[in-house]
Amino acid sequence: MTVPIGMEAGSAVRETAGSGLAAVEGGRETVIIGLEVHCQLNTESKLFCGCSTDYRSDPPNTHVCPTCLGLPGSLPAMNRRAVEYALLVAKALNCRVADEAEFARKNYFYPDLTKGFQITMYNRPLAEGGYLDIEGDGAEKRVRITRIHLEEDPGRLVHMGTPDRPRYSLVDYNRSGIPLIEIVTEPDLRSPKEARRLLNGLRTTLEYLGVFDGDQEGSLRVDANISIRGSERVEVKNISSYRGVEKALTYEITRQRGVLRRGQKVERETRHFVEARGVTTSARSKEQEHDYRYFTEPDLRPLQVRHWVEGIALPELPAARRERFTAQYGISPEHARTLCGELRLAEFFEQMAPCGNPLLAATWVADTLQGELNYREMEIGKVPPARFRELLGMLCRKEVTDKAAVEVLRRMLDQCLKGEEVQSPAQIMEKNMLGKTAGDTFTGIVREVIAECGDAVRDYRAGRGEALNFLVGQVMKRTRGRADPKELTRILREELEPQGT
Amino acid sequence: MVSEEEVLRIAELADIGIGKEELPPFTRDFNAILDYFAVLDRVPPGEGWKAGIANVLREDRVTPSLPQEEVLALAEAAEDGYIRAPRVM
């Protein structure tokens, strides 16, 4: 179920700074957060020139040309795919695409842009007024999207010297001109956790659309507007990781509460998030909004692409896939949420589901494998699907105990991490004496024990159930603990059944 | 009319130091340029900008970039493939 908060975007009451309402929710002042999320679109070439966007493993300043260096006489030429990708996002986020959108110049002097301005969209963005439903506490929560626009990424600066004593800066323009989509939310978020959920939701949606790769370093950057209701709003810039968002916002809320508790006023300002120290520091920006002197980019024609939207077919998005997973595979909504929360994880699960027991596959992928991956800070993409499928097959056929399978999985992942060739589960079990390569091995031992412990067998057949525990113990001893007691009990019961029934 | 204060502010945003004696000539130049644009404003609108040409796009194809040494040669100073800029923090 969706709980809409606030009203339609058009008639929304701005709940940010200076509303004068010191409302209290749940005994504490309401925290109000809005995000500006910048994502790199994974086109082949840059937004306004043909330089390759695949720059991460290359030396600095090797993916640049007169256009993205802003050399005199160069002209921008708009990338069709970037526009198509932005429209996909607009449609997936339920936005209204503008009849006409246009680029503008945002003028500022800073070495990350050689031209002296950034080409962005200002008062005529590509799309407005959408929403994204995120996981809430209990029901889903609808977060309104204010606008979506395209802009060019600036270059990357490396500051030399210490933060207190910068000496000079080094500039790499490989990133300059990479297409960015900026997604601005309404101030609908009420906690750092919700902000994180929104980011996860956006990331997943964009990855399902195939327009974004969240694993690429620096592919996502966030500015957050945050205030305590009734106080001034602070903009925190420079947040460049998913975890960073929660950290930066938590720090900032604590800081603002501290300021208010001391009876002071929160100042309206821009602050920088210092990731290494987990703090925000005041960044006296010399520019005010009007100092950017925005004006229409005269070198680019406007976009009239609203009619393209009908022709765009959206792929299956996370919410739809969650529903399909529960319906098609019968897995729990919780597992479906975990699995669909990451495109690669969802795809990995679908490769595993035909193993014969989708519920087992869901548990092993969503819980066990995810846990082991998190522990190793490893990506799902590194796991060889064939090997994991073999392991699941063995679990389905009960050729391996849960405990031994976890051991096998750990060794498999460690082999992946070391860059070694990953052995088959059977090989790993044999090498590490993880027992039981086939149920038959134990059936033999079970029969031995039955033959040798006549008294216990007679007691059991006479209805003394505890005799079974003794027999299980005997078998466990002979298998050196490698067998699953539950499984042994089952085999023993079968073997002790009078023949012919 | 652009005032001397506005010129000072622009200089500040552009990180350019302007001496007191430079201020009047700069202000005169600013106004001369803007007066010229005022002339352009009086030109009747033609067929160009407002002619409804939209969606001028290129295909997403990679074209060659410049060699690094050519790029670095454009800069006053370089270091390890980077362009060296004065302190900006």
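**Cysteines.** I began with C340(A) and found its sulfur 17 Å from the closest cysteine sulfur, which belongs to C355(A), and that is too far for a bond. I note at once that this is a predicted model, and that every distance I write down here is computed from it. For a pair to count as a disulfide I need the two cysteine sulfur atoms within 2.5 Å, and by this rule I count zero disulfides over all chains. I then looked up C416(A), which is likewise in no disulfide, since the nearest cysteine sulfur, again that of C355(A), is 19 Å away. I also checked accessibility: C340(A) is buried with a relative accessible area of 0%, and C416(A) is buried with a value of 14%.

**Helix α1 of chain A.** I next turned to α1(A), which runs over residues 80-92 and has 13 residues. From its first C-alpha to its last I read a reach of 19 Å, close to the 18 Å expected at 1.5 Å a residue. At the N-terminal end I find a cap from N79(A), whose side-chain oxygen lies 2.9 Å from the backbone nitrogen of R81(A). Just after the helix, N94(A) takes a positive phi, which I record as about 60°. I listed the buried residues of α1(A) too, and among them are Y85(A), L87(A), L88(A) and V89(A), along with alanines including A82(A) and A92(A).

**N107(A).** Where does N107(A) sit? I place N107(A) in strand β7 of chain A, which spans residues 103-107. A polar atom of its side chain lies 2.6 Å from the backbone oxygen of R293(A). Leaving out residues up to four places away in sequence, I find N107(A) touching G116(A) and F117(A), and also D291(A), Y292(A), R293(A), Y294(A) and F295(A).

Last, I traced an open sheet of four strands, in the order β11(A)-β12(A)-β3(B)-β2(B), with antiparallel pairing. The edges are β11 (156-161) of chain A and β2 (78-79) of chain B, each with a single partner strand, so one side of each is left without a neighbour in the sheet. Where the two chains meet within this order, I find β12 (residues 166-172) of chain A paired with β3 (residues 82-86) of chain B in the antiparallel sense over four bridges. Which residue of β3(B) is the bridge partner of S169(A)? I looked it up and found A85(B).

Technical notes:
Residues are numbered from 1 along each chain as its sequence is written. Chains are lettered from A and ligands numbered from 1 in the order in which they are written. This is a predicted model: local features need pLDDT of at least 70, side-chain atom pairs count only at pLDDT 80 or more; totals for chains, interfaces and linings use all residues. Side-chain values use heavy atoms; hydrogens and water are left out. The expected span of a helix is 1.5 Å times one less than its number of residues. Buried means under 20% relative accessible area, exposed over 50%, partly exposed in between (1.4 Å probe, protein chains only). A polar contact is a pair of N or O atoms within 3.5 Å; within protein, one must be able to donate a hydrogen and the other to accept it, and residues adjacent in sequence count only if both atoms are side-chain atoms. Contact means heavy atoms within 4.5 Å. Two strands pair if DSSP finds at least two bridges between them.
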